[in-house]
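Reader: I want to learn to read a ligand site and the sheet beside it. Where do we start?

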Amino acid sequence: EEIKEKLKEDHDITNVSYKTWIQPMQVADVDNNTVTVVLNGIEEEQRQLIDFVNKKYRFILQVTIEEVTDFACNVVFVLPGDLEKNHTSAAEPSSAPISSPYSANLNQKYTFDTFVVGPNNKFAHAASLAVAESPAERYNPLFIYGGVGLGKTHLMHAIANFILRNNPDARVLYVTSEKFTNELIDAIRNKNSISTFEFREKYRNIDVLLIDDIQFIIGKEGTQEEFFHTFNFLHDNQKQIVISSDKPPKAFETLEERLRSRFEMGLPVDISAPDYETRMAILRKKEEMEGYNIDNEILKYIATNIKSNIRELEGALTKITAYSKLYKTDITQEVAEEALKDLISPNQVKEVTVDTIIDTVSEHFHLKPADIISQKRNKEVVFPRQIAMYLCRYMTESPLQMIGKAMGNRDHTTILHGIEKIAGEMQENENLKSTIDILKKKIMPG
Ligand code: ADP
Ligand code: MG
């Protein structure tokens, strides 16, 4: 917005032109030095208007962007339809796919551009970028560790993609540790075309080795040994090594000391679970990349409920979109809840409220909730009421005053009396104890 304002001011753009052309512009992507700008509101039939916008605004927009951001760039205008048609190319506009034999097992979407940086991963991100910019000069090995679905593989591919883009001749080998293990086993058995000699050639004639999920190698004697030699060979020859793992080097109990100290001599960096803001930013990024258009409230709903795994976060978005396409319905809160019920509700602990307790207790004793909170003093009502008080005390965070208020405006000494009465009776009355247990289970299943 700042750029748009400045453009208008510096270049005397009239209000009408501004509203027609400049205001609807939106940045779709920034990649290296190419900024892709969507010309919202222009239809496919009016495609020739891109030429007009190019002639009239492209240069001054580039200048203004540079003035505001200190970032010299090349602006490319596209129509909104272009993004839907081919969002992968819109996401990486300037760069043709990397053509290197080493990019075969790399996901080209896993780049630094598509990686959202938050407090949980900023250290890992910075170290990865440093390694990508100058392999074997900074942190060697770089050891990235963290839980499932938090972005380790994404960062490793980003490093590899970055190096190959900068230097298509670089020999950058990304492997999972399963693949490493399987190839080694095949080599030893010499069953497949690859022999032990070829195996060593393959893993030693490279500039960068990225080995993902190393925990699968640790403890497998032969594989671990071979990896140790590969590691040493590459390291001694100033080649970059990047390792990922689900835990830090020091947590590998069976890891030989010599390997552990090798892992630790570079830089171990961790990725932890993202906070709410980062989860929202990841959802927005994903939404933008896939060309979805999802209400902010729905994104908030997802970010609030899915906390510990980014793969699931993305999965939620895909599920909702698929669901709405399948049933040809808009994405509303109800649709989102329905589409995500498997993902969200089962492991959600529902919060116990005073009202739930009153409802459950009254039902159990064949009363009405109104009876519990009434002023009636007959035993059939007083006893369940006291049980409800007791359960509220132990199953909710509500202070006594609040419980009292919810239970027909009773003061907190009345509530305390009820609680103590039940607690005392439970000492000697097995029946009451089991009633309480049953009620607890009804209130909070599982
Ligand atoms: P890990 O290897 O740690 O299990 P992945 O790298 O496979 O996790 O990440 C799981 C999914 O989440 C991938 O699709 C990845 O692109 C995405 N992801 C993880 N971290 C981020 C991030 N910071 N920004 C954007 N996407 C992310
Ligand atoms: Mg992974």
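Author: Start with the polar contact: a pair of N or O atoms within 3.5 Å; within protein, one must be able to donate a hydrogen and the other to accept it, and residues adjacent in sequence count only if both atoms are side-chain atoms. Here, a polar side-chain atom of His 154 lies 2.7 Å from an oxygen atom of ligand 1. Arg 311 also places a polar side-chain atom 2.7 Å from an oxygen atom of ligand 1. The model is predicted: local features need pLDDT of at least 70, side-chain atom pairs count only at pLDDT 80 or more, and totals for chains, interfaces and linings use all residues. Residues are numbered from 1 along each chain as its sequence is written, chains are lettered from A and ligands numbered from 1 in the order in which they are written, and side-chain values use heavy atoms, leaving out hydrogens and water.

Reader: How many residues surround ligand 1?

Author: A residue counts if one of its heavy atoms lies within 4 Å. For ligand 1 that gives 17 residues, with Gly 149 and Glu 314 among the closest. The shell divides into seven nonpolar, seven polar and three charged residues (Ala, Val, Leu, Ile, Met, Phe, Trp, Tyr, Cys and Pro count as nonpolar, Asp, Glu, Lys and Arg as charged, the others, Gly among them, as polar).

Reader: And the sheet: how do strands pair in general?

Author: Through backbone hydrogen bonds, either parallel or antiparallel. Two strands pair if DSSP finds at least two bridges between them; strands are DSSP runs (E, at least two residues), numbered from the N terminus. Here five strands form an open, parallel sheet in the order S5-S6-S7-S4-S8. S5 and S8 are the edge strands. S4 and S7 pair over four bridges.
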